[in-house]
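Please keep the sequence and the model in view while reading.

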Amino acid sequence: MFFVEQNLISDKATLVKRASHLRIATASLASAMQSGVFRSLYRGRGVEFSGVREYLRGDDVRAIDWNVTARSAKPFVKIFDEERELQIFLIVDRSLSMQALSSARSRLEAASEIAALLTLSAEHNSNPVGAVLFSGEVEFVIAPKAGQEHTMLLFSHLDTFPKKSRGSVLESALQGACKILKKRSLVFVISDFRVSGWENPFAILAARHDVVALKVSDAIDSTLPEMGTIFFKDAESGAKKLFPTSSKKFQGRWQEDFSMREKRWRASVTRRGGVPLSVSTADDSLSVLSEFFSRKKEA
């Protein structure tokens, strides 16, 4: 993807310094995340299988585990434990295309803020949160855990300047999440999805967990500013191209291409068992997340 050639990552107050303000802002978001309806977001049961025991008179026959019963020649029923905590896991893309700046803030700044809001909401509810941060390589991995100290550790890594490694290891990050997560979790994949090969590991992850694919875009993805014929630079390869931004025909094709890619991405995520959510760098991240959780609560 080509971007207007300019500096990467704008100056901003660090997430660590903004933590106190963000904690206040996430109170309503934390409430929506903690709702019982959302905990059983896509699977519907809201409980976890914990084992089997022998059938006792009065047990619901619908709970009989027929496989175990057939093997033992005695009736056994399944035991379920109520889920009391919602485990959150974040997969955050910090690749060069996320760092490219074409408006007030970069995709990476938006992604970091979203990750911070979700982390603080989890902390507010005493829910474990973990993460994988990646660029052209996996930069940081932390298993789910609850507590303010854990939150600030994650914040400190979200605040670090990402490595300048080319490419994106989204596929590896998804595979790593599958290995780390031992219990059902709510996973947010925060990326611009400008890479291939993520679909199969995404499907495997979504088969075991509730996965939200959160695509971060920029206004320039759909509408180019009219600045004449100017150079655009590919954030990953460094290649440059001249684009006639004042051409109405070129502008139309640019918008059509974005619309087509957006539809394909949404269909791909849905087909593989995930839930697509788009956010722009110009959006208020808290409002987008609050609306998403509220919509899911009402569903």
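Helix α11 lies across strands β8 and β11 and runs at about 145° to β11. Here axes are lines fitted to C-alpha atoms, for helices over the stretch in contact, and angles run from 0 to 180 degrees between N-to-C directions. Helices (H or I, at least four residues) and strands (E, at least two) are DSSP runs, numbered from the N terminus.

The model is predicted: local features need pLDDT of at least 70, side-chain atom pairs count only at pLDDT 80 or more, and totals for chains, interfaces and linings use all residues. Residues are numbered from 1 along each chain as its sequence is written, and side-chain values use heavy atoms, with hydrogens and water left out.

**The sheet**

- Six strands form an open sheet with mixed pairing, in the order β6-β5-β4-β7-β8-β11; two strands pair if DSSP finds at least two bridges between them.
- At the edges are β6 (138-145) and β11 (275-280), each of which pairs on one side only.
- On average, neighbouring strands of this sheet are turned by 15° against each other, direction ignored.
- Strands β4 and β5 (residues 129-134) run parallel and are joined by 6 bridges.
- Phe89 stands opposite Gly130 in β5.
- Helix α6 packs on the sheet, where it touches β4, β5, β7, β8 and β11 (contact means heavy atoms within 4.5 Å), and its direction makes about 170° with that of β4.

**The nonpolar cores**

- A nonpolar core is a set of buried Ala, Val, Leu, Ile, Met, Phe, Trp, Tyr and Cys residues joined through side-chain atoms within 4.5 Å; buried means under 20% relative accessible area, exposed over 50%, and partly exposed in between (1.4 Å probe, protein chains only).
- The largest nonpolar core has 40 residues, of which Ile88, Leu90, Leu118, Phe188, Ile190, Leu214 and Phe293 touch the most other members.
- Helix α6 (residues 107-124) gives the most to this core, contributing 10 residues.
- Another core, of 22 residues, lies apart from it and includes Cys178, Ala206, Val211 and Trp265.

**Helix α9**

- In α9 (residues 199-208), the buried residues are Pro201, Phe202, Leu205 and Ala206.
- These residues lie on the same side of α9 because they cover an arc of only 135° around the axis, taken from the directions from the helix axis to the C-beta atoms.
- Asn200, Ala207 and Arg208 are exposed on the other side of α9.
- The buried residues of α9 pack against β4 (88-93), α8 (170-180), β7 (186-191), β8 (210-217) and α11 (248-271).
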